[in-house]
Amino acid sequence: MTNTMMWTPTHFPAAMRSLNPSTRAKAIEIANRLLEQGMQDKQQVVALSVDEARQWARLVQSQSMNKGWQPRANP
């Protein structure tokens with residue numbers, strides 16, 4: 001673990017405040033992983049993690065919307 005501050009569900013950057021809780025949790029997970037990998041620019045870490053978490057949320061939402069759908073059999 002690095003000596004860089006890690007974020008938690010109760011302590012996170014202001015840029016993550018507008019995200020819903022599950023998307024924010026994913027953004028925090030991504031940001032912490034980037035910090036562990038040695039990324040130094042915190043503004044870039046936050047921007048990248050928020051963008052990736054939003055993409056993840058869209059993917060999860062589209063998968064859940066398609067989950068119950070089945071093609072109609074041809075009569």
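User: How are α1 and α2 oriented to each other, and why?

Analyst: Two packed helices are described by the angle between their axes and the distance between the axes. In this predicted model, where local features need pLDDT of at least 70, side-chain atom pairs count only at pLDDT 80 or more, and totals for chains, interfaces and linings use all residues, the axes of α1 (residues 21-36) and α2 (residues 42-66) come within 8 Å and cross at roughly 135°. The two helices are therefore oblique to each other, since angles under 35 degrees count as roughly parallel, over 145 as roughly antiparallel, 65 to 115 as roughly perpendicular and the rest as oblique. Residues are numbered from 1 along each chain as its sequence is written, and side-chain values use heavy atoms, with hydrogens and water left out.

User: Which salt bridges does Glu29 form?

Analyst: Side chains of opposite charge can pair when their charged atoms come close. Here Glu29 forms a salt bridge (a side-chain nitrogen of Lys or Arg within 4 Å of a carboxyl oxygen of Asp or Glu) with Lys26, the closest N and O atoms being 3.5 Å apart, and another with Arg33, at 2.9 Å from N to O.

User: Is Lys26 buried or exposed?

Analyst: Lys26 has a relative accessible area of 18% and is buried, where buried means under 20% relative accessible area, exposed over 50%, and partly exposed in between, with a 1.4 Å probe and protein chains only. Glu29, at 38% relative accessibility, counts as partly exposed.

Terms used
Axes are lines fitted to C-alpha atoms, for helices over the stretch in contact, and angles run from 0 to 180 degrees between N-to-C directions. Helices (H or I, at least four residues) and strands (E, at least two) are DSSP runs, numbered from the N terminus.
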